[in-house]
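Work through the exercises below with the sequence and the 3D structure at hand. Each task is followed by a solution in steps.

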Amino acid sequence: MESEKMDENEWSYHGEGNKSLVVSHAQSCVVLRFLKFLPNINKSTEEVYQHLHNILDFGKHIMKQFLGENYVHHGEVVKLPLDFLKRLCLKVQSERPESRCEKEMDVSGYAMCLPNLTRLQTFPFLECRPIFCIEIKPKCGFIPSSAHITKEIKKKICRFCMHQHLKVAKGKWKRISKYCPLDLFSGNKQRMHFALMNLLQESQNNLKIFKNGELIYGCRDDQEHFLDINELAHHLKPFLFPASGLISGPQCPKTVVKELIHILTTVLLNNSTDTARAANIMPFIPLSQGRNYCEASHFCPDLLNSKHVTEATGLPKGCILYKTLQAQMLDMLDIEGLYPLYKRVEKYLEEFPEERGTLLLDGPYDETFFEKLKDLSLEDDGSISYAATKIQQYRVAMTAKDCSIMIALSPTVQEECLDPRSVIRSSKSSFIHSVSILDLDLKPYENIPHQYKRDSKIVNHYLKSIKAQE
Ligand code: ATP
Ligand code: ZN
Ligand code: MG
Ligand code: MG
């Protein structure tokens with residue numbers, strides 16, 4: 001980016017996760033995504049540059065194959081003037097939630113420049129209209145069935161629902177959420193409605209709503225909701241019920257929220273024509289009975305309308321949830337089956353450290369890497385190559401379990417000639433929409449032992465807490 005043009009006053013704090021901090025530009029539809037590090041970690045400029053390039057390559061060459069061209073924006077690595085970075089870092093510091101400040105924004109000179117997905121990318125000419133963007137971090141949508149699992153409970157209760165108990169006990173959240181990812185990924189409209197309603201009621205960090213690019217709803221980590229659900233409905237009403245909204249029509253907040261949920265469900269189940277290459281190469285791993293229902297879910301199957309009983313369940317093959325789920329299911333062994341393979345590779349690397357490159361543990365994320373991911377065989381011949389393949393598949397799956405789906409919606413006017421595929425109709429109005437997936441950084445190899453420990457911690461805590469309740 002051109003140094004003389006960079007003015008920190010044109011950028012503002014947009015959000016952050018555990019690994020990166022995002023600032024958005026006031027006028028143009030772009031964001032800058034910076035890496036974050038613990039203060040004592042000194043990364044060289046070269047290392048940061050390499051890391052960002054790896055993220056870009058991984059999105060471009062690997063995740064696009066799974067999720068489809070249109071959903072993934074890999075962005076570009078940009079070099080920024082150091083004085084601009086110092087001023088920007090100071091400027092955003094006061095806006096950061098305290099719970100995220102353990103890590104610092106990297107100011108070594110590089111960042112990722114991405115389209116601002118909270119604004120409609122494909123329709124820049126519509127900028128003057130209101131735009132709502134709903135970000136959903138759906139988490140893992142299936143119950144594992146690996147033979148390596150030692151705790152039976154993992155085959156009944158999903159990871160998200162078990163983890164809730166630990167998170168509440170540790171004070172991360174005040175209440176247990178009734179959202180269960182398996183309801184969202186079920187493809188059954190009633191279960192999906194139930195999941196989305198619970199996400200709206202107890203958003204935690206799984207749902208955020210932006211209006212014209214600004215966060216208006218959802219937990220900003222430790223802070224409470226910005227708005228309550230009635231206030232949210234108030235914002236949404238003129239948008240979802242345009243005719244009556246301005247003069248405060250008869251729709252109550254509940255109707256407005258239901259309408260939003262209806263639109264989100266339609267978008268999430270929408271069959272994209274966009275072809276993800278992996279969709280054809282990877283045979284669908286069928287969700288056998290029981291693997292698509294979590295016993296901790298608050299959805300009561302008796303609630304299913306009789307007319308819905310005949311409704312086909314399962315996700316349409318081209319929809320965003322299906323594609324995400326498929327990538328998640330590359331985790332076939334579960335961490336319990338994977339950890340011994342990690343140890344096998346570690347032992348090997350102790351003896352032959354120079355082989356790390358051959359195993360592609362740090363990339364490059366290219367065609368060769370992608371080809372290896374396609375080997376779904378579960379026959380362990382004791383080789384390093386088998387272990388490495390399963391590790392890479394696991395890392396891709398973990399990435400898909402942690403990504404966010406961004407749904408941007410903007411009202412259309414009747415006369416417009418738009419691509420019908422981008423138009424979503426609801427009872428009272430129609431919208432152009434765009435769907436994208438963000439946060440597609442490959443999870444590090446080094447994280448595996450940590451994942452292993454965390455898994456048993458979550459399960460043990462869950463077992464303890466339900467026992468205490470009995
Ligand atoms: P996690 O802790 O989930 O791994 P992370 O540190 O990898 O998160 P991101 O999820 O990429 O960070 O970004 C943090 C937040 O910034 C997102 O949840 C989203 O709200 C916002 N964000 C990130 N990229 C974009 C984008 N391209 N357009 C709009 N908003 C974005
Ligand atoms: Zn669950
Ligand atoms: Mg994230
Ligand atoms: Mg991330």
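**Exercise 1.** Find how confident the predictor is in this predicted model, taking the protein as a whole and then residues 306–312.

*Solution.* Step 1: the mean pLDDT of the protein is 87, and 86% of its residues reach 70 or more. Step 2: for the complex, the predictor gives an ipTM of 0.99 and a pTM of 0.93. Step 3: over residues 306–312 the pLDDT stays under 50. The model has four contacts beyond four places in sequence for this stretch.

**Exercise 2.** Describe the make-up of the protein, its burial and its surface.

*Solution.* Step 1: count the elements; there are 15 helices and 12 strands. Step 2: of the 470 residues, 54% are buried.

**Exercise 3.** Determine how helix α3 and helix α15 are oriented to each other, and what kinds of residues form their contact.

*Solution.* Step 1: locate α3 at residues 159–169 and α15 at residues 448–469. Step 2: their axes come within 8 Å and cross at roughly 80 degrees. Step 3: angles of 65 to 115 degrees count as roughly perpendicular, so α3 and α15 are roughly perpendicular to each other. Step 4: list contact residues; α3 contributes, among others, Met-162, His-163 and Leu-166, while those of α15 include Arg-454, Ile-458 and Tyr-462. Step 5: sort the residues of this contact by type, which gives seven nonpolar, six polar and four charged.

Note on methods:
Residues numbered from 1 in each chain as written. Chains lettered and ligands numbered in written order. Predicted model: local features only at pLDDT ≥ 70, side-chain atom pairs only at ≥ 80, totals over all residues. Heavy atoms only, no water. Axes fitted to C-alpha atoms, helices over the stretch in contact; angles between N-to-C directions. Helix = DSSP H or I, 4+ residues; strand = E, 2+ residues; numbered from the N terminus. Parallel < 35°, antiparallel > 145°, perpendicular 65-115°, else oblique. Contact = heavy atoms within 4.5 Å. Nonpolar A, V, L, I, M, F, W, Y, C, P; charged D, E, K, R; others polar. Buried < 20%, exposed > 50% of the residue type's maximum accessible area, 1.4 Å probe, protein only. pLDDT = per-residue confidence, 0-100.
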